[in-house]
Amino acid sequence: MNIEELRNYCISKAFAEETMPFGPDTLVYKVMGKAFLLTGLDEIKLSFNVKCDPELAINLRDEYACVKPGYHMNKKHWNTIEADGSVPDKLMYSWIDHSYDLVCSGLSKKNQQRLKNRKKPKR
């Protein structure tokens with residue numbers, strides 16, 4: 001996975017938006033104003049932060065060397081994924097999906113209904 005593939009995957013999600021609230025070196029992908037993925041643009045190797053269920057976050061860190069506690073994030077709820085080729089892209093995409101779904105589940109009932117009614121088809 002490279003930064004372009006990551007970007008394309010994130011913005012393909014329903015109501016996803018690409019923002020740069022922390023300056024020109026950090027992309028933040030949000031759904032209805034809530035962040036589900038952050039990545040730096042000034043890194044040599046691609047890595048990104050995704051939200052994660054706390055119990056699953058610990059399990060993933062134990063199982064995969066490329067999964068670390070969220071850099072500059074709440075380490076209970078966020079993981080940093082290093083896209084170093086040690087896991088298939090499909091697995092990394094599933095972690096992005098989990099983050100997106102987790103954030104969506106925390107939206108208001110009204111926004112969850114809007115999302116449900118206008119969800120983009122999966123790839």
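**Stop one: a strand residue**

Start by selecting glutamate 17, which you'll find in strand β1, residues 16–19. Keep in mind that you're looking at a predicted model. Is glutamate 17 buried or partly exposed? Partly exposed, because its relative accessibility is 36%. Now show what surrounds it: apart from neighbours within four places in sequence, glutamate 17 is in contact with Val28, Tyr29, Lys30 and Gly33.

**Stop two: the core**

Next, select Phe36, Leu37, Phe48, Trp95 and Ile96, the residues with the most contacts inside the largest nonpolar core, which has 32 residues. Colour by element and you can trace who contributes: α1 (3–11), β2, β3, β4, α2 (54–63) and α3 (89–105) each supply at least two residues of this core. Which of them gives the most? That's α3, with 7 residues. As background, nonpolar side chains in soluble globular proteins tend to be buried together.

Zoom in on leucine 37. Ignoring neighbours within four places in sequence, leucine 37 touches Leu6, Cys10, Leu27, Val28, Tyr29, Phe48, Asn49, Val50, Trp78 and Ile96, all by the contact criterion.

**Stop three: the pocket**

Switch to a surface view and look for the largest pocket, which holds about 420 Å³ of space. The strands β2 (26–31), β3 (34–40), β4 (47–51) and β5 (67–69) each supply at least two lining residues, and β3 gives the most, with 4.

**Stop four: the cysteines**

Finally, select the cysteines and show their sulfurs. How many disulfides does the structure hold? The count is 0. Take cysteine 66, which is in no disulfide: the nearest cysteine sulfur belongs to cysteine 52 and is 12 Å away. With 0% relative accessibility, cysteine 66 counts as buried. Then go to cysteine 104, also in no disulfide, where the nearest cysteine sulfur is that of cysteine 10, 12 Å away. Cysteine 104 counts as buried too, because its relative accessibility is 8%, which is under the 20% cut-off.

Technical notes. Residues are numbered from 1 along each chain as its sequence is written. This is a predicted model: local features need pLDDT of at least 70, side-chain atom pairs count only at pLDDT 80 or more; totals for chains, interfaces and linings use all residues. Side-chain values use heavy atoms; hydrogens and water are left out. On a 1 Å grid over the protein atoms alone, a cavity is a set of points where a 1.4 Å probe fits but cannot get out, and a pocket is an open set with protein on both sides within 12 Å along at least five of seven lines; lining residues have an atom within 4 Å of a point. Grid points are joined across faces, edges and corners, and a volume is the space filled by probe spheres set on the points. A nonpolar core is a set of buried Ala, Val, Leu, Ile, Met, Phe, Trp, Tyr and Cys residues joined through side-chain atoms within 4.5 Å. Buried means under 20% relative accessible area, exposed over 50%, partly exposed in between (1.4 Å probe, protein chains only). Contact means heavy atoms within 4.5 Å. A disulfide is a pair of cysteine sulfur atoms within 2.5 Å.
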